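Hello everyone, and thanks for coming. Please have a look at it first.

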Amino acid sequence: MKILLPILAFVVLALIARWWYVNNLATAAPKPETELTRLKTLGLNDHGTMVLSGYDHFVFDRDASTPLLNANNETLLDKITLHLVQNPDLLLNITGCFGSDEMVATNGIYENIGLGRANVVRNLLVERGIAFERITLSFNTGTPELRKQPVAFNLYLSAQGVDFVPLAYTFEDMTFSDESFAPKGVEFRPILPLVQYADSVRKYLALHKDKKLNIIGHTDNTTDAKTSLALGKTRAKNVMRYFRELGIPLDQMAAFTDGSRHPVSDNDTEVGRRRNRRINFILE
């Protein structure tokens with residue numbers, strides 16, 4: 001009996017300690033991001049008119065491109081799909097957003113996590129039956145608070161004037177900013193996503209000898225037209241030289257420039273000018 005008493009006392013103390021942990025330390029732990037309150041301001045915008053509204057915003061973990069979907073998110077995707085099916089002339093642009101605390105995050109061949117997020121959401125709609133070519137992508141960045149509203153859906157018609165120029169961001173029509181060049185410079189120093197894209201293009205062209213890669217350099221309008229054309233052409237040629245060093249034959253490539261003639265954003269802001277300074281790759 002004397003031997004059993006210390007054992008019983010130990011068991012009782014262990015149970016008390018476990019109860020205290022569960023009711024104090026465990027409950028005091030911060031909630032994972034999936035349990036945070038979601039803003040209910042997500043919808044489908046058609047030139048300022050909200051066709052759908054009041055839905056939960058998607059949630060992404062920091063530096064992640066795959067959304068943590070709830071039932072409300074799935075319902076919105078289903079209704080966007082239905083609206084596009086009922087309106088076959090409409091196209092959809094998905095904007096993926098990311099915070100300043102995610103600037104170094106990338107996703108495969110996409111140079112920022114915003115585009116990576118938009119592409120994952122695009123694939124969710126493609127899985128629901130929407131044609132891939134009806135969905136374009138864009139991105140936005142700002143303070144870490146922007147991650148609370150990480151995705152936006154905007155409808156447009158291809159013939160309509162819009163506030164943005166939709167970019168496909170597909171393997172056959174990919175765009176990268178000028179981060180792979182020194183400011184106003186022409187030396188090509190590819191960032192990792194572009195390196196990965198270039199390697200994929202090399203493998204693709206080796207298997208498809210009838211295909212060709214067009215490399216198009218674009219600039220902002222901070223210089224005169226002649227200087228912009230020269231800058232865009234030199235950058236495109238230097239990119240082509242890099243692809244040639246990877247083993248792609250010259251007869252499967254061409255370098256062009258449009259200078260500043262085809263902006264995709266407002267040249268009046270630094271953010272807009274940065275988007276306009278880009279390299280476009282078209283496989284055809």
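This is a predicted model: local features need pLDDT of at least 70, side-chain atom pairs count only at pLDDT 80 or more; totals for chains, interfaces and linings use all residues.

Let's begin with confidence: in the protein chain it is lowest in helix α1 (residues 4-28), with a mean of 51, and highest in α2, at 98. That score is pLDDT, the predictor's confidence in each residue, from 0 to 100. Helices here are DSSP runs of H or I with at least four residues, strands are runs of E with at least two, and both are numbered from the N terminus.

Residues are numbered from 1 along each chain as its sequence is written, and side-chain values use heavy atoms, leaving out hydrogens and water.

The average pLDDT of the protein chain is 87, and 85% of the residues score at least 70. Over residues 25-35, though, pLDDT stays under 50, and the model has nine contacts there beyond four places in sequence. By contact I mean heavy atoms within 4.5 Å.

Now to the open sheet. Which order do its five strands take? They run β2-β1-β5-β3-β4, with mixed pairing; two strands pair if DSSP finds at least two bridges between them. At the edges sit β2 (49-55) and β4 (135-142), each pairing on one side only. On average, neighbouring strands of this sheet are turned by 20° against each other, direction ignored. Axes are lines fitted to C-alpha atoms, for helices over the stretch in contact, and angles run from 0 to 180 degrees between N-to-C directions.

Strand β1 (residues 42-46) is joined to β2 by four bridges, and the two run antiparallel. Helix α3 (residues 113-127) lies across β3, β4 and β5, at about 140° to β3.

How do those two helices meet? The axes of α2 and α3 come within 10 Å and cross at roughly 65°. Leu77, Ile80 and Thr81 of α2 make the contact with Val121, Leu124 and Leu125 of α3.

Finally, strand β9 (residues 278-283): it pairs antiparallel with β6 (residues 173-177) over five bridges, and with β7 (residues 213-218), also antiparallel, over six bridges. Ile282 in β9 stands opposite Asp173 and opposite Asn214.
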